[in-house]
Amino acid sequence: MAPKSCQSFLHLPFAFLAPRLFVQHVSKRGIKSISKPRPNRFNQGPNLPTLESTAAAALERKRFTTPLRTGALGIKKGMTAMYEAETGRRFPCTVVQMDQVQVVSHKTRQRNGYFAVQVGCGWKHPSNVTRPLLGHFAESEVSPKRHLVEFKVRDETGLLGIGEIIGASWFQEGQYIDARANSRGMGFAGGMKRHGFSGQPASHGVSLTHRSMGSAGQSQGGGSRVYPGKKMAGRMGGHQVTTQNVKVVKVDDEKGLVVLQGSIPGPDGCLVKLSDAIKKPWPTVPVNLLQAQPAVDPAAAAA
């Protein structure tokens with residue numbers, strides 16, 4: 001005969017005596033975090049962040065500081081002075097002349113990874129130009145240029161036609177530009193002249209080393225060496241310097257002259273790279289200036 005089941009609550013066994021099949025046990029360990037989980041830094045999972053180390057991401061970061069149009073080349077002719085009509089104040093100016101500035105080549109995003117315009121100025125005898133460069137000029141149907149410089153632009157709208165001439169009217173009176181040139185070389189200079197060091201004391205035990213630099217490194221703590229980039233005596237000048245926010249005072253398109261307010265780096269006769277200032281609003285340029293000027297053969301123009 002089968003045993004009789006317990007019908008009363010008091011006749012049920014205790015919980016610790018009951019089998020584990022009838023006990024609901026939920027294990028919880030640790031403290032639940034209230035902060036959002038960090039994104040996985042490995043290339044795993046469906047929701048991956050956008051990679052910022054690619055060339056496309058780098059171009060997107062530089063988009064707002066890349067000029068809308070190309071720059072121009074000029075030769076620094078010297079300095080002069082002008083007067084303000086309202087106040088009569090006299091201020092220094094720099095004269096830059098643009099000589100046969102032409103578009104030689106393009107660089108596109110699909111072929112080179114970025115947009116740029118190669119601009120040349122001046123003239124060079126073909127016998128002094130290498131054959132690969134002669135072929136480069138012949139393909140673009142332009143005369144050999146003495147200087148070649150590349151200017152980056154934001155997109156394909158800033159690419160001018162190959163062979164177009166960029167005159168002085170490319171810049172407007174009153175706009176601001178950035179001028180780049182190689183500074184005047186001053187030869188080997190000491191630490192006081194090159195970096196503005198104060199030198200050694202004039203007395204109190206210093207003998208014949210008043211303008212010397214002093215110690216250049218540690219004996220043991222720094223590894224018994226001189227750190228790279230240490231400011232020391234050496235060649236001063238002769239490197240590219242940029243002067244930003246230079247105002248265009250006057251433009252003479254017939255003579256190819258651009259008059260800038262103040263001074264710009266470089267000696268007289270040096271090559272100057274002129275481009276729209278990146279720290280000022282982009283100038284409002286008419287449509288006819290964006291298309292520059294078509295190339296004209298001097299012989300045909302004289303005839």
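Student: In this predicted model, which order do the strands of the open three-stranded sheet follow?

Tutor: The three strands of this open sheet pair in the antiparallel sense. Strand 3 (102–107) and strand 5 each have a single partner strand and stand at the edges, so one side of each lacks a neighbour in the sheet. From one strand to the next the twist averages 25 degrees. The order is 3-4-5.

Student: Which helix packs on this sheet?

Tutor: The helix in question touches strand 3, strand 4 and strand 5. Its direction makes about 100 degrees with that of strand 3. It is helix 3, residues 131–140.

Student: Which residue of strand 4 is the bridge partner of Val103?

Tutor: Strand 3 and strand 4 run antiparallel and are joined by five bridges. Within this pairing, His106 stands opposite Val117 of strand 4. The bridge partner of Val103 is Val119.

Student: How many residues of strand 4 are buried?

Tutor: Strand 4 is also joined to strand 5, by six antiparallel bridges, and Ala116 stands opposite Lys152 there. Strand 4 is mostly covered. Of its six residues, the number buried is five.

Student: Which residue forms a salt bridge with Lys107?

Tutor: Lys107 lies in strand 3 and its partner in strand 5, so the pair ties together parts that are 43 residues apart in sequence. The closest N and O atoms are 3.0 Å apart, and the partner is Glu150.

Student: What is the strand order of the closed barrel?

Tutor: The barrel is made of six strands with antiparallel pairing. Its twist averages 50 degrees from one strand to the next. The order is 1-2-10-9-6-11.

Student: In the hairpin of strand 1 and strand 2, which residue takes a positive phi?

Tutor: Eight bridges join strand 1 to strand 2 (residues 90–97) in an antiparallel arrangement, and Ala81 has Pro92 as its bridge partner in strand 2. Six residues lie between the strands of this hairpin. The residue with a positive phi, near 75 degrees, is Gly88.

Student: Which residue of strand 10 is the bridge partner of Val95?

Tutor: Strand 2 pairs with strand 10 over five bridges. The sense of this pairing is antiparallel. The bridge partner of Val95 is Val259.

Student: Which residue of strand 9 does Tyr176 stand opposite?

Tutor: Strand 6 and strand 9 run antiparallel. Six bridges join them. The residue opposite Tyr176 is Lys247.

Student: With which residue does Arg69 form a salt bridge?

Tutor: Arg69 lies in the loop between helix 1 (55–61) and strand 1, and its partner lies in strand 11, so the pair ties together parts that are 207 residues apart in sequence. The closest N and O atoms are 2.8 Å apart, and the partner is Asp276.

Student: Is Arg89, whose side chain meets that of Glu84 in a salt bridge, buried or partly exposed?

Tutor: The N to O distance in this salt bridge is 2.8 Å. Glu84 has a relative accessible area of 25% and is partly exposed. With a relative accessible area of 41%, Arg89 is partly exposed.

Student: How many salt bridges does a search of the whole structure find?

Tutor: One of them joins Arg69 and Asp276. Another joins Arg89 and Glu84, and Lys107 pairs with Glu150. The search of the whole structure finds three.

Student: Which residues touch the most other members of the largest nonpolar core?

Tutor: This core holds 31 residues. Elements that give two or more residues to it include strand 1 (72–83), strand 4 (116–121), strand 6 (176–182) and strand 11 (271–276). Leaving aside neighbours within four places in sequence, the contacts of Val272 include Leu73, Ala179 and Ile264. The residues asked for are Met98, Val119, Ile166, Ile177, Leu260, Val272 and Leu274.

Student: How many disulfides does a search of the whole structure find?

Tutor: Cys93 is buried, with a relative accessible area of 0%. Cys121 is also buried, at 3%. The number of disulfides found is zero.

Key:
Residues are numbered from 1 along each chain as its sequence is written. This is a predicted model: local features need pLDDT of at least 70, side-chain atom pairs count only at pLDDT 80 or more; totals for chains, interfaces and linings use all residues. Side-chain values use heavy atoms; hydrogens and water are left out. A disulfide is a pair of cysteine sulfur atoms within 2.5 Å. Buried means under 20% relative accessible area, exposed over 50%, partly exposed in between (1.4 Å probe, protein chains only). A nonpolar core is a set of buried Ala, Val, Leu, Ile, Met, Phe, Trp, Tyr and Cys residues joined through side-chain atoms within 4.5 Å. Helices (H or I, at least four residues) and strands (E, at least two) are DSSP runs, numbered from the N terminus. Contact means heavy atoms within 4.5 Å. Two strands pair if DSSP finds at least two bridges between them. Axes are lines fitted to C-alpha atoms, for helices over the stretch in contact, and angles run from 0 to 180 degrees between N-to-C directions. A salt bridge is a side-chain nitrogen of Lys or Arg within 4 Å of a carboxyl oxygen of Asp or Glu.
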